[in-house]
Amino acid sequence: MRFARIFPILFCAGLAWIGVAVPSAPAQFFKSRKLKPASQSLSRQAPAKIDKSLESAINPGNSHVRVSLSKQRAFLMVGEEIYIDTPVSTGKRATPTPAGSFTVLEKDADHRSSIYGDFVDFKGRVVRSGVSLKVDSAPSGTRYRGAPMMWFMRLTHYGVGMHIGILPGYPASHGCIRLPADIAKLIYDKVRIGTRVVVEA
């Protein structure tokens, strides 16, 4: 039975070896596969929604934030009403975003990571990108430059916070909660040190 399946291929190979022109491999043995572009394979996140009717009602004194890890969404709220509903990208499996109840410990509009970034030369040109000071050593003649984390809102003493970042459609950060560039400042302006942030599974 197995020989019957492979005989046509062997026969064509033999003809080609002795110089007889043969068509390319029989079509019945190869099924064409239509591959999807990578962009279609990523989960599509609904864009951010802002309830403009709450804009004057919400302020740093009455706002709070909820983050859903499973939904990859964050919500800036006043009471039980949602002012901003936005997509996020939280920690990947190796470096998960911790669940629990937190408060904003620090606000820094132009924050840079103290762990993740690049090694640059004396002119500021990148020599090695995407490094971690936990595992990488700076090559001779270089210095560390932390990755930008604009509109940073710290949630833990070990570096987890909310800030601008890339949203690929799935958890991809080192533990932080990445926000869209056009949303991060809006949230930054409506929270204060002490604002409650609840992160749910």
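User: How many helices and strands does the protein have?

Analyst: This is a predicted model, in which local features require pLDDT of at least 70 and side-chain atom pairs pLDDT 80 or more, while totals for chains, interfaces and linings use all residues. Residues are numbered from 1 along each chain as its sequence is written, and side-chain values use heavy atoms, without hydrogens and water. The protein has 3 helices and 11 strands. These are DSSP runs numbered from the N terminus: H or I of at least four residues for helices, E of at least two for strands. Along the sequence the pattern reads α-α-β-β-β-β-β-β-β-β-β-β-α-β.

User: What makes Lys49 count as exposed?

Analyst: Exposed means over 50% relative accessible area, buried under 20%, and partly exposed in between, with a 1.4 Å probe and protein chains only. Lys49 has 52% relative accessibility and therefore counts as exposed. Lys49 is found in strand β1, residues 49-50. Its C-alpha atom is separated by 9.6 Å from that of Phe75, 26 residues apart along the chain. Leaving aside neighbours within four places in sequence, Lys49 is in contact (heavy atoms within 4.5 Å) with Tyr83, Ile84 and Asp85.

User: Why is Ser68 called buried, and what does Ser68 touch?

Analyst: The relative accessible area of Ser68 is 6%, and therefore Ser68 is buried. Ser68 lies in strand β2 and touches Arg73, Glu200 and Ala201, not counting residues up to four places away in sequence.

User: Why does Ser173 count as buried?

Analyst: Ser173 counts as buried because its relative accessibility is 2%. Ser173 is found in the loop between β9 (161-164) and β10. A polar atom of its side chain lies 3.1 Å from the backbone nitrogen of Gly91, and one lies 3.0 Å from the backbone nitrogen of Gly175. Beyond four places in sequence, Ser173 touches Ser89, Thr90, Gly91, Lys92, Thr95, Thr97 and Arg178.

User: What is the phi of Gln72, and what is the phi of Trp151?

Analyst: Gln72 has a positive phi of about 55° although it is not a glycine; phi of Trp151 is near 55°, again a positive value in a residue other than glycine. Most residues other than glycine have a negative phi. Gln72 is found in the loop between β2 and β3, and Trp151 in strand β8. Gln72 counts as buried because its relative accessibility is 6%, and Trp151 is buried because its relative accessible area is 17%.

User: Which residues touch the most other members of the largest nonpolar core?

Analyst: A nonpolar core is a set of buried Ala, Val, Leu, Ile, Met, Phe, Trp, Tyr and Cys residues joined through side-chain atoms within 4.5 Å. The largest has 25 residues, of which Leu76, Met153, Met162, Ile187 and Val197 touch the most other members. Elements that give two or more residues to this core include β2 (63-68), β3 (73-78), β8 (143-154) and α3 (181-189). The largest share, 4 residues, comes from α3. Leaving aside neighbours within four places in sequence, Met153 is in contact with residues including Val104, Met162, Ala184 and Ile187.

User: Which residues lie nearest the centre of the largest pocket?

Analyst: On a 1 Å grid over the protein atoms alone, a pocket is an open set of points where a 1.4 Å probe fits, with protein on both sides within 12 Å along at least five of seven lines; lining residues have an atom within 4 Å of a point. The largest pocket holds about 620 Å³ of space. It is lined by 30 residues, of which Ser113, Tyr116, Met149, His174 and Cys176 lie nearest its centre. The largest share of this lining, 6 residues, comes from β6.

How values were computed:
Polar contact = N/O pair within 3.5 Å; in protein donor to acceptor, adjacent residues only side chain to side chain. Points joined across faces, edges and corners; volume = space filled by probe spheres on them.
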